[in-house]
Amino acid sequence: MKKTAMGLMGAMAMVAAMAVQAAPVTYNFDPDHTYPSFEADHFGGISTWRGKFTQSSGKVVLDAAKKTGQLEAVIKMDSFDSGNAALNTHAKGPEILDVAKYPTAVYKGTLSHFKQGKPTAVVGQLTLHGVTKPLTLKVDSFKCFVNPMSKKETCGADASAKFDRSDFGIGYGKDFGFKMQTKLRIQVEGIRE
């Protein structure tokens with residue numbers, strides 16, 4: 001009888017632990033390991049400009065058991081950094097990003113197309129320059145683990161998407177032959193609450 005009771009208690013503890021693991025878990029972006037970056041054409045193919053946004057915040061709520069989740073990210077547009085001071089100043093001004101009027105870009109989406117327990121896409125909407133349009137991110141890699149340095153549960157991903165920036169009212173350079181397609185690449189890591 002004693003063994004049966006202990007076995008039942010052990011089974012109940014296991015079920016409770018599984019229920020906790022099956023519940024949605026929130027991961028807050030780690031600002032030291034999260035950098036949305038971009039690639040944009042210069043003069044119709046003469047070169048490609050690359051840069052990043054150095055300040056962003058957000059979170060992912062992941063329900064691994066149900067294979068679903070939500071993502072919300074906020075990018076501070078004033079943190080634009082192309083590695084060229086003059087370009088940074090121009091890009092932040094009214095001709096391009098107009099960061100005084102549109103200080104943030106926001107992306108909200110749903111994790112989807114799970115394979116082997118990992119999302120392979122985020123279906124959502126990007127609000128940039130005051131315009132909201134659908135944008136699907138391709139998740140190129142996704143991993144959750146206990147970080148051996150911080151000892152905290154961490155999830156990370158690398159994602160990408162392409163969009164026409166003129167669809168968001170950012171058409172500077174089009175008259176000079178600049179291609180409007182912009183590639184977005186995001187490296188993100190989130191730490192469990």
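**Close-up views of the predicted model**

One disulfide turns up in a search of the whole structure, a disulfide being a pair of cysteine sulfur atoms within 2.5 Å. This is a predicted model, in which local features need pLDDT of at least 70 and side-chain atom pairs count only at pLDDT 80 or more, while totals for chains, interfaces and linings use all residues. Residues are numbered from 1 along each chain as its sequence is written, and side-chain values use heavy atoms, with hydrogens and water left out.

**View 1. The disulfide between Cys-144 and Cys-155.** Here the two sulfur atoms sit 1.9 Å apart. Cys-144 belongs to strand S9 (residues 131–146) and Cys-155 to strand S10 (residues 153–164), eleven residues apart; strands (E, at least two residues) and helices (H or I, at least four) are DSSP runs, numbered from the N terminus. The disulfide is right-handed because the torsion about its S-S bond is about 105°. Buried means under 20% relative accessible area, exposed over 50% and partly exposed in between (1.4 Å probe, protein chains only).

**View 2. A salt bridge between Arg-50 and Glu-39.** The search of the whole structure finds five salt bridges, each a side-chain nitrogen of Lys or Arg within 4 Å of a carboxyl oxygen of Asp or Glu. In this one, the closest N and O atoms are 3.4 Å apart. Glu-39 is partly exposed, at 24% relative accessibility.

**View 3. Asp-78 meets Lys-92 in a salt bridge.** Their closest N and O atoms are 3.8 Å apart. Asp-78 is in the loop between strands S5 (68–76) and S6 (80–81) and Lys-92 is in helix H2 (residues 85–92), so the pair ties together parts that are 14 residues apart in sequence. Asp-78 is partly exposed at 49%, and Lys-92 is partly exposed at 22%.

**View 4. Lys-138 and Asp-140 form a salt bridge.** The N to O distance is 3.1 Å. Lys-138 is exposed, with 52% relative accessible area, while Asp-140 is partly exposed at 36%.

**View 5. Ile-46 in its loop.** Look for Ile-46 between strand S2 (35–42) and strand S3 (47–53). Ile-46 counts as exposed, at 65% relative accessibility.
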